[in-house]
Amino acid sequence: ESDSLVPTSQLGWCVGQGPLDCETAYRTNSTVLRVTETLFGPDEDQTKEERSRANAFRHGLFGALLTDEFGAAAAHDLLIAHELDGQDSVLDTYLDQFNNHQGIALAPFADRSDLIRLVYGALQGGLLACRAFDG
């Protein structure tokens, strides 16, 4: 196991991109986490439905911001590596990848300053996938 802040599966991407891009991706992830918590509140205060919506938004925004920063191909590669780290179920991994790619697809339609609003609108409009729960 590495002492790095970067998960092992993502180190290959970082090596290929270079240390500055790796740092930018790490900072982008930190920004996404802060924005998500600001909009949806802390995980421990959310219902499972709210957590699912926050997760969909987080993945969509991460995909959009990475695409804006690095382009669609590099964003795709990092997001696939990012999903390899998870201990999620097959369904959750599929939903995460779907939302990552929705973010990649949305990125060209807004300036970086409008991506939060665009991705949130996509969530509200049903373009991001959330887990369904029996209720």
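A: Read along the sequence, the protein chain of this predicted model follows the pattern α-α-α-α-α-α. Its secondary structure comes to six helices and zero strands. The C-alpha atoms fill a box of roughly 45 × 35 × 25 Å along the principal axes. A compact globule of 135 residues would have a radius of gyration near 14 Å, and the protein chain, with 14 Å, therefore agrees with that. Of the 135 residues, 36% are buried. Among contacts with a separation of 6 or more, 69% are between residues 24 or more positions apart.

Now the packing itself. Two packed helices are described by the angle between their axes and the distance between the axes.

Helix α2 covers residues 19-40, and its axis comes within 9 Å of the axis of α3, crossing at roughly 145 degrees. This crossing is right-handed. On the α2 side, the residues that meet α3 include Asp 21, Thr 28, Val 32, Val 35, Leu 39 and Phe 40. On the α3 side, they include Arg 53, Phe 57, Leu 61, Leu 65 and Phe 70. By class, the contact of α2 with α3 has 13 nonpolar, four polar and four charged residues.

Leu 39 lies in helix α2. With a relative accessible area of 43%, Leu 39 is partly exposed. Not counting residues up to four places away in sequence, Leu 39 touches Phe 57, Ile 116 and Tyr 120. Phe 57 is one of the α3 residues in the contact with α2, while Ile 116 and Tyr 120 are among the α6 residues in the contact of α3 with α6. By contrast, Leu 39 and Leu 78, which are 39 residues apart along the chain, have C-alpha atoms separated by 25 Å.

The next pair is helix α3 (residues 48-70) and helix α6 (residues 115-124), which pack at an angle of about 140 degrees with their axes 9 Å apart. These two helices are therefore oblique to each other. α3 passes α6 in a right-handed crossing. From α3, the contact includes Arg 53, Phe 57, Gly 60, Leu 61 and Asp 68; from α6, it includes Leu 115, Ile 116, Val 119, Tyr 120 and Leu 123. The residues of this contact divide into ten nonpolar, two polar and two charged. Arg 53, Phe 57, Leu 61 and Leu 65 of α3 take part in the contact with α6 and are also among the α3 residues that meet α2.

The last pair is helix α4 (residues 72-84) and helix α5 (residues 90-106), whose axes come within 10 Å and cross at roughly 165 degrees. They are therefore roughly antiparallel to each other. α4 passes α5 in a right-handed crossing. Ala 72, Ala 75, His 76, Leu 79, Ile 80 and Glu 83 make the contact from α4, and Thr 93, Asp 96, Gln 97, Asn 100, His 101 and Ile 104 make it from α5. By class, the contact has five nonpolar, five polar and two charged residues.

Within this last pair, Thr 93 is found in helix α5. Leaving aside neighbours within four places in sequence, Thr 93 is in contact with Glu 83 and Asp 88. Glu 83 is one of the α4 residues in the contact of α4 with α5. Thr 93 and Leu 61 are 32 residues apart in sequence and 16 Å apart in space, C-alpha to C-alpha.

Technical notes: Residues numbered from 1 in each chain as written. Predicted model: local features only at pLDDT ≥ 70, side-chain atom pairs only at ≥ 80, totals over all residues. Heavy atoms only, no water. Axes fitted to C-alpha atoms, helices over the stretch in contact; angles between N-to-C directions. Helix = DSSP H or I, 4+ residues; strand = E, 2+ residues; numbered from the N terminus. Parallel < 35°, antiparallel > 145°, perpendicular 65-115°, else oblique. Left-handed = near helix turned anticlockwise from the far one by under 90°. Contact = heavy atoms within 4.5 Å. Nonpolar A, V, L, I, M, F, W, Y, C, P; charged D, E, K, R; others polar. Rg over C-alpha atoms; globule rule 2.2 N^0.38 Å. Buried < 20%, exposed > 50% of the residue type's maximum accessible area, 1.4 Å probe, protein only.
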